[in-house]
Protein chains: 2
Amino acid sequence: MMKNVLENRLVILDHDEFMARLGRVRALMESTGIPSMLVSDNANKYYLTGRVFAGYVYLPLKGEPIFFVKRPVELEGDGVVYIRKPEDMAVTIGLNVTESIGFEFETASYAAIKRLRDIFPTSTPVNASGLLRTARSVKTPVEIEMLRRSGMKHTLVYSRIPGLFRPGMRDIELQVEIERISRLEGCLGQFRISGDTMELHMGNVLAGDNADAPSPYDFAMGGAGSDPSLPVGANGTIIAPGTTVMVDMNGNFDGYMTDMTRVYAPGSEPLAPLALKAHACSIEIHRELCAMMRPGTPCKALWQRAEEIVRDHDLHAYFMGHRQHAGFIGHGVGIEINELPVIAPRSRDIIAEGNVIALEPKFVIPHTGAVGIENTYVVHADSVEYLTTAPEEIVYFEE
Amino acid sequence: MMKNVLENRLVILDHDEFMARLGRVRALMESTGIPSMLVSDNANKYYLTGRVFAGYVYLPLKGEPIFFVKRPVELEGDGVVYIRKPEDMAVTIGLNVTESIGFEFETASYAAIKRLRDIFPTSTPVNASGLLRTARSVKTPVEIEMLRRSGMKHTLVYSRIPGLFRPGMRDIELQVEIERISRLEGCLGQFRISGDTMELHMGNVLAGDNADAPSPYDFAMGGAGSDPSLPVGANGTIIAPGTTVMVDMNGNFDGYMTDMTRVYAPGSEPLAPLALKAHACSIEIHRELCAMMRPGTPCKALWQRAEEIVRDHDLHAYFMGHRQHAGFIGHGVGIEINELPVIAPRSRDIIAEGNVIALEPKFVIPHTGAVGIENTYVVHADSVEYLTTAPEEIVYFEE
């Protein structure tokens, strides 16, 4: 059931995989003129080494990387240097770095970067966050295989959702039972979101009109939540006949996350025709966009095509929310849930081979709830591969 | 079961409570010479308003606060101003702020603060993170009442742990069942940790020797975890006779968290005398420190007293870990799990009335596992109040 994480080598990745990832990052360092980087973000350290540790990866364009470790004790390997505080790095790297150093401006705190700047006063700090996001947006075959495994477990968990339903159940009760079976299948629970302003516990289960409650977060759908300290998602709504429950739960089974949404409804009462039409429209958008999602396609063209389809069906009032509209219909996934590329009206991203993309064209239908699906796809040269393969139609719960 | 979070007023706090919190913050602004602040951290916005929203609180020392909101739509109240981007704030605040503005240097990203600095180019940015942490370290009666409620539910959940155990169970399986009953009792799941480098899913369940596995995070205890992307906590160890399982699970039921640890063991085999002695020593430390924990006591004196007791019992080799030692035995709790004050050897914090403190003197005994307890206490003028009241002795599971 569990992997061996007691391995003492700092770099857990196979040598070839490690070199492939370093190679991707270094090619971008070269093209953007960044001669060295100091990486501290957990997601980026996990990408570069295969493990999370407290400390930094110092990566020069030329020369060997250095792994500065604060914790845990007992790690070993080439380039491992234990430090007590960031200032200790200057002894190894040298105080008189005159070239620029890349730092993670977008995830490290102002205080943390200020301290690093003071350690290397003669160097020029530059923002390396975008470069690392770009590097991570194209997955290696090893990463794609990890995403496949998450997708398979994710799909297995969703196949068991109908067996969890009981008539009269509240949204939060269904969510807790899904959380339980996910965790027992190995879901790590942690929902890595880049940046620190978006908070969500393991995903979103939205029943009926709660799907229309605006949330403060930049997720595709909202929900009022059960507490003003975490105002998103399930709010205690009973899953009632004639309404839907949309399940968008965490698929992080091995450090790599797939993203999948499916819609369920009590079987005792039919759903409004408008809701059925909108759900079919979401599936149609998936098919159309999958056909377009090839290396070189501009992401904004995908958004435009989705919007065209929605307007053809006269469903734009409900698209991506009703009281509050989300500004995107898809996003890269991997170590974090909000990776590149972004499928949005003004996105400048271009689809590349190796992108792993969650598409989520969704609708909120008043008095019914949310409909539409989300799948995670791998972009190959001539095809897209489905990582989330649960049936796409609305599943009716037996009552 | 659920509170109404559809309330449209931005400030959900009662007027008196709102003024009390503003008053605390403003007194510290005055004493530290910070004439205005721009607050964006979710925990701080929740403290100041009673809700989380996307945007900023602009708080001048004199004059009314302004609430700049990006999302959700439809919030109302005095001082609410909707913005699309941070630059829009300059229209309301004025571009020519010449006094200094406090920003959250320790939680906001470098890029975010840099952007705010560029919006107010004539002002001097200063670090307001410490001031807000200090303000939040002394809880109001309303906050203490919320912590009491969390503590009662937290204690109720722990009382049900013995009923969840089955012989042969793994640590992670027990953790998942505890997660489930916690969530069904209203636990929000979210584990707010200040800073972005510490990650943990709902808490820590440590069985046997896994308690001794070093983790990268600055928690009191480690555990190898089940994946190198999240190397902390349960790792699939079977809860075996003669070993302990330490449960340190999330007590966030209303935006305010209590912290509690208890120890369990299969009842079919006695534990090693050394483990029993260390557990008793932990309880003794709690009693001694509770007697000392009065307004004015230096936190480092608490640490020193704990260390003395440990040395008197000749248990220092096992105190706060064995292969890797934690550097603190207690910490403030509230909206976040790592608040002030910190009970550590070189802490300069002084105990104040209204502090809410989790004490966690723990031991790792080789071949047995972790022992010791954690409780959350409110510091009153002449007493401490227990918020976590589950029985403190090791609980033996029936087999």
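Is Val384(A) buried or exposed at 17% relative accessibility? Val384(A) counts as buried, where buried means under 20% relative accessible area, exposed over 50%, and partly exposed in between (1.4 Å probe, protein chains only).

1. Basis of the note. This is a predicted model, in which local features need pLDDT of at least 70 and side-chain atom pairs count only at pLDDT 80 or more, while totals for chains, interfaces and linings use all residues. Residues are numbered from 1 along each chain as its sequence is written, chains are lettered from A and ligands numbered from 1 in the order in which they are written, and side-chain values use heavy atoms, with hydrogens and water left out.

2. Val384(A). Val384(A) is found in strand β18 of chain A; helices (H or I, at least four residues) and strands (E, at least two) are DSSP runs, numbered from the N terminus. Ser137(A) lies 247 residues from Val384(A) along the chain, and the C-alpha atoms of the two are separated by 16 Å.

3. Aromatic pairs. A pair of aromatic rings is described by the distance of the centres and the angle of the planes. Rings of Phe, Tyr and Trp (its six-membered ring) pair if their centres lie within 6.5 Å; planes under 30 degrees apart count as stacked, over 60 as edge-to-face and the rest as tilted. By this rule there are 19 aromatic pairs over all chains. In one of them, Phe165(A) and Phe397(A), the ring centres are 4.3 Å apart and the planes are at 10°, so the pair is stacked. This pair links distant parts of the chain, 232 residues apart: Phe165(A) is in the loop between α6 (141-159) and α7 (171-184) of chain A, and Phe397(A) is in strand β19 (residues 395-397) of chain A. Both Phe165(A) and Phe397(A) are buried.

4. For Phe319(B) and Phe363(B), the ring centres are 5.2 Å apart and the planes are at 45°, so the pair is tilted. Phe319(B) sits in the loop between α9 (299-312) and β12 (330-332) of chain B, and Phe363(B) in strand β15 (residues 362-365) of chain B, 44 residues apart. Phe319(B) and Phe363(B) are buried. One aromatic cluster takes residues from both chains: Phe105(A), Tyr110(A), Phe105(B) and Tyr110(B).

5. Side chains of opposite charge can pair when their charged atoms come close. The structure holds 42 salt bridges over all chains, a salt bridge being a side-chain nitrogen of Lys or Arg within 4 Å of a carboxyl oxygen of Asp or Glu. Among them is the bridge between Arg149(A) and Glu145(A) (4.0 Å, N to O). Arg149(A) and Glu145(A) are 4 residues apart in helix α6 of chain A, so they are separated by about one helical turn. Arg149(A) is partly exposed at 48% relative accessible area, and Glu145(A) is partly exposed at 30%. Another bridge joins Glu392(A) and Arg287(A) (2.4 Å, N to O). Glu392(A) is in the loop between β18 (384-386) and β19 of chain A, and Arg287(A) is in helix α8 (residues 273-292) of chain A, 105 residues apart. Glu392(A) is buried, at 13%, whereas Arg287(A) is partly exposed, at 37%.

6. A salt bridge between chains. Which residue of chain B forms a salt bridge with Asp218(A)? The partner is Arg71(B), with the closest N and O atoms 3.9 Å apart. Asp218(A) lies in the loop between β7 (203-207) and β8 (245-249) of chain A and Arg71(B) in strand β3 (residues 66-71) of chain B, so the pair joins two chains. Asp218(A) is partly exposed at 36%, and Arg71(B) is partly exposed at 27%.

7. Backbone points to check. Most residues other than glycine have a negative phi, and most peptide bonds are trans. The peptide bond from Arg71(B) to Pro72(B) is cis, with omega near -5°, and Pro72(B) lies in the loop between β3 and β4 (80-82) of chain B. The bond from Leu340(B) to Pro341(B) is also cis, with omega near 0°; Pro341(B) is found in strand β13 (residues 339-343) of chain B. His367(A), not a glycine, has a positive phi of about 75° and is exposed at 64% relative accessibility. Met202(B) has a positive phi near 65° and is buried at 1% relative accessibility.
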